[in-house]
Amino acid sequence: MSVPTTLVWFRQDLRTDDQPALQAAARSGRPLLGLYVWPNEGTLTARRRYFIWQSLRDLQARLAECGIPLHVREGNPVQAVAETAAHCRAAEVVCASDGAGQGALRAALEKQGCRLHSVADGLLQPPFQFIRAPYFNEPAFAAFQVAWQAACVEQYAAWQASAWPPPDLAAQQQRLPENLKTAVLPDVPRAVLTIPGGETAARRQLAEFLPRLPYYPVLRSLPAQNGSSQLSPHLVFGTLSVRQVWAVAGNSPDAAAWQEALARREFWRHYFRQYPDVLRQGLPEHRAAGQANQALLAAWQQGITGYPLADAAMRLLRDTGWLPHSLRRFCAAFFCRVLGGRWQDGAGWFARQLLDFEPAANSGNWQLAAGLGGKRVERQPFNPVVWSQKLDPDGQFIRRHLPQLAHLDSRRIHAPWLAAAEVNTNGYPAPVVDYRAR
Ligand SMILES: Cc1cc2nc3c(=O)[nH]c(=O)nc-3n(C[C@H](O)[C@H](O)[C@H](O)COP(=O)(O)OP(=O)(O)OC[C@H]3O[C@@H](n4cnc5c(N)ncnc54)[C@H](O)[C@@H]3O)c2cc1C
């Protein structure tokens, strides 16, 4: 008779270290198998697919060292998990989940005598403890951060990840039936990635960033300097554990600004767990109907608005799937407040472009940039030329991404239309709208 197994369904936790699903499965005492099911949503772009593929390849190699095969399937996740569980005679499926939306899978597994075991992952604190008011403006974030950070400091002061692999795993895996021992990872088309996927790459990137932590508070606002960690895709796909990130950075006296960034990540996830409707529709008081101006939307998407910093940034996003935070905020505010666009249209474009797309962070930051996080619309005046001078003082970033303006000095490069009569701007477009008219 064949041996019952435990199936680990990897989702956005594509790693072996500090991996709660893997640890829980190993405690079952049964031989383990891994499964990944490709998402079939529209945001699975070629870049994201390749990043996941690189992460799966790394994960497969790490699991193979412990004798755990990683199977990869396409299609409906409930069906794929249930069929794989039946094929490998799984007595239990373990996965990271908040428990929501798992009724269909639980029922399908129960029919075949298999139990579904969900574990928490991806957050430093569980949701529903810290969010009070239905707003997400800066005062709401500040209140969240104080309470959330105090809880993290207490909980993670002496925290250490459980060791992997556990000592008795090798003996456990020897009982895995021969016909289940091998799994292949089909190739996917290559894509150019500026941030490579996989747990090994993530750890390397974290190690390279840590010595730069003291400069982070200043350099993160200067996009030409690449001063942030660029770890967001790894945190989204779980190739890095956020607990480990917190524990490692927490030992540094220079970690405060970076811990605030991690608090923002968690704020959005907590907020939208509590107020899910706001994720797609915004706060009830800001749900005005509107139409997208398709010509302005297209100019913004393709980086031909005539505003150099916005155009340079949007071309970088289109070509690489990456933008530093200060430019995401700038491009979002520019789209909503200069071009008069709807935040949903801008957020939809970011969702299709960003390598690190994550619904809560994307929707929340877009609404915030549009000034829609509180009871009233909260907007400081937004001058794209002044912001361009602040974020890219000597025009280095613009020159790198808009070669046709590379010869302009730092006085002219932020508003080339003012110099068009004196210097050749190589056909660079005039502004599609006058920002002073808004
Ligand atoms: C309009 C807009 C859309 C965005 N869309 C996304 C998105 O889809 N996915 C995403 O992960 N982030 C998003 N962000 C947040 C932020 O810009 C990115 O997380 C950050 O730029 C990633 O770079 P990093 O890893 O170098 O960050 P670091 O500055 O090194 O910060 C460390 C980590 O903290 C988290 N973080 C930092 N700032 C924020 C923030 N404001 N909100 C949420 N998390 C934060 C990220 O996980 C990041 O990796 C968006 C921001 C804006 C303004």
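I began with strand pairing, where two strands count as paired if DSSP finds at least two bridges between them. Helices (H or I, at least four residues) and strands (E, at least two) are DSSP runs that I number from the N terminus.

I noted that this is a predicted model, in which local features need pLDDT of at least 70 and side-chain atom pairs count only at pLDDT 80 or more, while totals for chains, interfaces and linings use all residues. Residues are numbered from 1 along each chain as its sequence is written.

**Strands**
I looked up β2 (residues 32-37) and β3 (residues 70-73), and found that they run parallel and are joined by 4 bridges. I saw that L35 has H71 in β3 as its bridge partner. Between the two strands the chain passes through helix α2 (residues 46-64), and this β-α-β crossover is right-handed, meaning that with the strands pointing away from the viewer the path from the first strand over the helix to the second runs clockwise.

**Domains**
I recorded domain 1 (5-121), domain 2 (138-158 + 199-281) and domain 3 (286-418), with bounds that come from an automatic or database domain assignment. The centres of domain 1 and domain 2, taken over C-alpha atoms, are 26 Å apart. Their contact (C-beta atoms, placed from the backbone, within 7 Å) takes 14 residues from domain 1 and 11 residues from domain 2.

I also checked UniProt, whose unreviewed entry places "domain: Photolyase/cryptochrome alpha/beta" at residues 4-124; its annotations may be inferred rather than shown by experiment. Over residues 4-124 I read 38% helix and 23% strand.

**Ligand**
I counted 28 residues around the ligand, the closest being S228, S229, S232, R265 and N365; a residue is taken as near if its C-beta atom, placed from the backbone, lies within 6 Å. The elements giving two or more residues to this shell are α9 (232-237), α11 (256-274), α15 (325-338) and α17 (359-369). I found that domain 2 and domain 3 each supply at least three residues to the shell.

**Backbone**
Most residues other than glycine have a negative phi, and most peptide bonds are trans. The peptide bond from W164 to P165 is cis, with omega near -5 degrees, and I located P165 in the loop between α5 (138-156) and α6 (169-174).

Conventions: Two residues are in contact if their C-beta atoms, placed from the backbone, lie within 7 Å.
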